[in-house]
Amino acid sequence: MVVKKIIGKFIPRQIKKQLNNFKILACDYAQYSTMKKWDCVDVCGNKIPWYTYPAIEFLNTFDFSEKSVFEFGSGNSSIYWANKAKELVSIEHDQKWFEKVKSALKKNQILLYKKDNEEYENAILAFEKKFDIIIIDGIRRPECSKVIAKCLNNQQNRCGYMVILDNSDWYQETSKYLREKLDLIEIDFHGFGPINNYTWTTSVFITRNFNFKPINDIQPIFSVSAIKESGE
């Protein structure tokens with residue numbers, strides 16, 4: 001108690017605010033834990049994707065329970081999507097990582113191993129079905145973006161579809177292709193995320209008729225450390 005009084009007396013207000021910001025990132029978002037364990041988890045220990053935190057919070061808004069998801073790449077994101085979506089198909093090129101992810105598959109999840117060649121991006125074509133969400137977060141990202149057009153659920157009576165490109169700041173031509181060739185709206189989520197000690201960008205691309213329903217019909221939701229008040 002004495003120490004707290006001393007700190008409160010001698011540490012300038014702006015420094016205390018800065019320390020609180022550090023606490024929010026390190027503890028409330030659990031970034032320190034992800035660095036220590038090299039594992040993408042939230043504060044409750046739930047597996048989360050290796051996307052930026054702003055992107056994850058945006059995705060947490062939506063009800064994906066009736067959505068079909070295809071994922072280039074696999075990992076904790078696979079657990080995240082399998083828990084949220086109706087069905088998930090993931091493609092992995094690394095044999096050891098494939099075996100690790102395979103050990104924890106859910107009933108609604110398919111995981112395939114494909115080598116680092118054109119088999120990887122073309123794996124999605126073998127399913128002969130449409131997906132509501134396609135995630136490009138593995139190898140050969142430019143190549144993957146070129147094959148997904150025929151696999152996206154673009155029926156007019158649907159709610160549109162979503163494409164997620166992680167590290168999009170490193171793949172600006174791929175982002176341009178998704179915007180211009182598929183006529184998608186790009187939403188860039190810059191910021192910190194799990195494990196990394198730098199900011200990056202996860203981009204979510206949506207159709208112009210996008211209408212995914214939010215959970216409990218509430219949007220926007222409060223972020224992790226928001227002040228939960230109502231101005232209405």
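**Helices on the sheet**

I began with helix H9 (residues 172–180), which lies across S5, S6 and strand S7 (200–206) and runs at about 170 degrees to S5. Lying across rests on contact, meaning heavy atoms within 4.5 Å. Axes are lines fitted to C-alpha atoms, for helices over the stretch in contact, with angles from 0 to 180 degrees between N-to-C directions. Helices (H or I, at least four residues) and strands (E, at least two) are DSSP runs, numbered from the N terminus.

The model is predicted: local features need pLDDT of at least 70, side-chain atom pairs count only at pLDDT 80 or more, and totals for chains, interfaces and linings use all residues. Residues are numbered from 1 along each chain as its sequence is written, and side-chain values use heavy atoms, without hydrogens and water.

I then took helix H6 (residues 95–102). H6 lies across strand S2 (87–92) and S3, at about 165 degrees to S3.

**The sheet**

I traced an open sheet of seven strands, ordered S3-S2-S1-S4-S5-S7-S6, with mixed pairing. Strands S3 (109–113) and S6 (185–191) are at the edges with a single partner strand each, so one side of each has no neighbour in the sheet. Pairing takes at least two DSSP bridges between two strands. S4 (residues 133–136) and S5 (residues 162–166) run parallel, joined by four bridges. Ile136 stands opposite Leu165 in S5.

**Ser145**

I found Ser145 in helix H8 (residues 141–147). Is Ser145 buried or exposed? Ser145 is buried, at 1% relative accessible area; buried means under 20%, exposed over 50%, partly exposed in between (1.4 Å probe, protein chains only). Not counting residues up to four places away in sequence, Ser145 touches Ile136, Thr174, Tyr177 and Leu178.
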